[in-house]
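Biologist: I would like to learn how to read a model, one feature at a time. Please take me through this one.

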Amino acid sequence: MIQLADARRIIAAAEKKAEEIGQPMNIAVADAGGNLISHVRMDNAWLGSIDISIKKAWTSRAFDIATKDLAEHSQSGNQFFGIHASNDGKVMIFAGGIPLKKEGKVVGAIGVSGGSGEQDHAVAEAGAAAL
């Protein structure tokens with residue numbers, strides 16, 4: 001189970017990485033039910049990425065997969081093609097969402113948006129490592 005203190009620690013680690021790479025980010029942490037626990041919009045992070053970061057966290061928890069990997073499987077001709085249209089458009093297939101695990105069990109997810117896919121994923125990984 002992820003508590004608010006955990007979410008704050010995860011976000012702080014993600015913010016640190018975002019600062020290191022010089023890219024302001026939106027960072028969201030969701031619980032095991034996919035519900036938002038906490039969100040931070042760093043100074044100058046894109047407004048449009050608020051929603052995306054929250055949906056990346058939800059998507060990663062809903063399917064227990066990194067959104068980067070889901071993106072690969074959802075291309076035309078692949079097994080999850082069209083998945084982004086499910087769940088009233090809530091599914092995000094951009095890199096930056098990662099399931100959060102404790103003792104091998106998914107307990108939540110982090111979603112990051114505001115940079116390139118590689119930057120979003122790197123910041124999410126830094127946050128996930130703080131759990």
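Biologist: Let us start with one residue. Where is A124 found?

Modeller: A124 is found in helix 4. Helices (H or I, at least four residues) and strands (E, at least two) are DSSP runs, numbered from the N terminus. This is a predicted model, where local features need pLDDT of at least 70, side-chain atom pairs count only at pLDDT 80 or more, and totals for chains, interfaces and linings use all residues. Residues are numbered from 1 along each chain as its sequence is written, and side-chain values use heavy atoms, with hydrogens and water left out.

Biologist: Is A124 buried or exposed?

Modeller: Learn the cut-offs. Buried means under 20% relative accessible area, exposed means over 50%, and partly exposed lies in between (1.4 Å probe, protein chains only). A124 has a relative accessible area of 0%, so A124 is buried.

Biologist: And A129, buried or exposed?

Modeller: A129 also has its place in helix 4. Its relative accessibility is 68%, so A129 counts as exposed.

Biologist: What does A124 touch?

Modeller: Contact means heavy atoms within 4.5 Å. Leaving out residues up to four places away in sequence, A124 touches G96, I98, I110 and V112. Sequence distance is another matter. A124 and I50 are 74 residues apart in sequence, and their C-alpha atoms are 14 Å apart in space.

Biologist: Now the whole helix. How many residues does helix 4 have, and what should they span?

Modeller: Take 1.5 Å times one less than the number of residues; that is the expected span of a helix. Helix 4 (residues 117-129) has 13 residues, so it should span 18 Å, and its end C-alpha atoms are 18 Å apart, which agrees.

Biologist: Which residues of helix 4 are buried?

Modeller: D120, H121, V123, A124 and G127 are the buried ones. They cover an arc of only 165° around the axis, which puts them on the same side of helix 4. That arc is taken from the directions from the helix axis to the C-beta atoms. The exposed residues E118 and A129 sit on the face turned away from the buried side.

Biologist: What do the buried residues of helix 4 pack against?

Modeller: They pack against helix 1 (4-21), helix 2 (48-63), helix 3 (67-73), strand 3 and strand 4.

Biologist: On to the strands. What is the strand order in the sheet?

Modeller: Start with the idea. Strands of a sheet pair through backbone hydrogen bonds, either parallel or antiparallel. Two strands count as paired if DSSP finds at least two bridges between them. Here, an open sheet of 4 strands has the order 2-1-4-3, with antiparallel pairing. Strand 2 (36-41) and strand 3 stand at the edges with a single partner strand each, so one side of each has no neighbour in the sheet. On average, neighbouring strands of this sheet are turned by 20° against each other, direction ignored.

Biologist: How many bridges join strand 1 to strand 2?

Modeller: 5 bridges join them. V29 has S38 in strand 2 as its bridge partner, and A30 stands opposite L36. The two strands form a hairpin with 4 residues between them, and G34 in the turn has a positive phi of about 85°.

Biologist: What about strand 4, how many of its residues are buried?

Modeller: Strand 4 (residues 105-113) is mostly covered, with 8 of its 9 residues buried. Strand 1 (residues 26-31) pairs with strand 4 over 6 antiparallel bridges; A28 stands opposite G111 there. Strand 3 (residues 97-102) also pairs with strand 4 in the antiparallel sense, over 6 bridges. L100 has G108 as its partner. In that hairpin, with 2 residues between the strands, E103 takes a positive phi near 50°.

Biologist: Last one. Which residues have the most contacts inside the largest nonpolar core?

Modeller: In soluble globular proteins, nonpolar side chains tend to be buried together. A nonpolar core is a set of buried Ala, Val, Leu, Ile, Met, Phe, Trp, Tyr and Cys residues joined through side-chain atoms within 4.5 Å. The largest core here has 17 residues, and M25, I27, V29, L100, I110, V112 and V123 have the most contacts inside it. Helix 1, strand 1, strand 3, strand 4 and helix 4 each supply at least two residues. Helix 1 gives the largest share, 5 residues. Another core, of 7 residues, lies apart from this one and includes W58, I65, A71 and I93.

Terms used. Axes are lines fitted to C-alpha atoms, for helices over the stretch in contact, and angles run from 0 to 180 degrees between N-to-C directions.
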